[in-house]
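Here is a chain to go through by question and answer. Each reply sets a value against its definition.

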Amino acid sequence: MKASDTLAENLQKVLVDLIELHIQGKQAHWNVIGKNFRDLHLQLDEIIASARGFADTIAERMRALHSIPDGTSQTVSSATTLPQYPKGEVQTAETVDLITERLDATVDTIRQVHDQVDEEDPTTADLLHEVIHILEQHSWMVRVENR
């Protein structure tokens, strides 16, 4: 099967947000400070690993569908829907809110393209379901830190 332009564009949108989530997760991981630092620091590692792995899965799926993923820094920074992450040290409570916002934004991107992806390629939509499932689980587990 060869991806249509629409399918390729939709997967590209998902890819750039996953790459950006990974990068911003590392920024948060390196600069988080405060109460419960260690737990959040380790939790961020889990999120980073998921985002990086899912980005690779989506990019490889794109290649399997004869489309070309673009993970260059220029493309990612110009196309991501995630807001810019703050520079410098960030307290744990604020980090929780910032990372939750970014996890949810990535899931929103996936949900926005899901139906079009599913119409053309249910197999790829199944991959998106798994990404949504894991990212929403991460969001829940991080978000409750501030409840």
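Q: What makes a patch here?
A: Residues in a patch have over 30% relative accessible area and no salt bridge; like charges are joined within 9 Å, nonpolar side chains (Val, Leu, Ile, Met, Phe, Trp, Tyr) within 5 Å. A salt bridge is a side-chain nitrogen of Lys or Arg within 4 Å of a carboxyl oxygen of Asp or Glu. Accessible areas come from the Shrake-Rupley method with a 1.4 Å probe, and for residues only the protein chains shown count as cover.

Q: Which residues make the nonpolar surface patch?
A: Trp140, Met141 and Val144 make it, with an area of about 270 Å². The model is predicted: local features need pLDDT of at least 70, side-chain atom pairs count only at pLDDT 80 or more, and totals for chains, interfaces and linings use all residues. Residues are numbered from 1 along each chain as its sequence is written, and side-chain values use heavy atoms, leaving out hydrogens and water.

Q: Why is Val144 called partly exposed?
A: Buried means under 20% relative accessible area, exposed over 50%, and partly exposed in between. Val144 has 34% relative accessibility, so it counts as partly exposed. Val144 sits in the segment after α5 (122-143). Helices (H or I, at least four residues) and strands (E, at least two) are DSSP runs, numbered from the N terminus.

Q: Why is Thr106 called buried?
A: Its relative accessible area is 0%, so Thr106 is buried. Thr106 belongs to helix α4. Beyond its neighbours within four places in sequence, Thr106 is in contact (heavy atoms within 4.5 Å) with Asp17, Leu18, Leu21, Leu82 and Leu135.

Q: Is His114 buried or exposed, and why?
A: His114 has a relative accessible area of 13%, so it is buried. His114 lies in helix α4 (residues 92-120). Leaving aside neighbours within four places in sequence, its contacts are Ala125, Leu128 and His129.

Q: What makes Asn36 stand out in phi?
A: Phi of Asn36 is near 60°, a positive value in a residue other than glycine. Most residues other than glycine have a negative phi. Asn36 is in the loop between β1 (32-33) and α2 (37-64). Its relative accessible area is 42%, so Asn36 is partly exposed.

Q: Why is His66 called exposed?
A: His66 has 53% relative accessibility, so it counts as exposed. His66 is in the loop between α2 and α3 (73-79). His66 also has a positive phi, about 65°, although it is not a glycine.

Conventions:
Buried means under 20% relative accessible area, exposed over 50%, partly exposed in between (1.4 Å probe, protein chains only).
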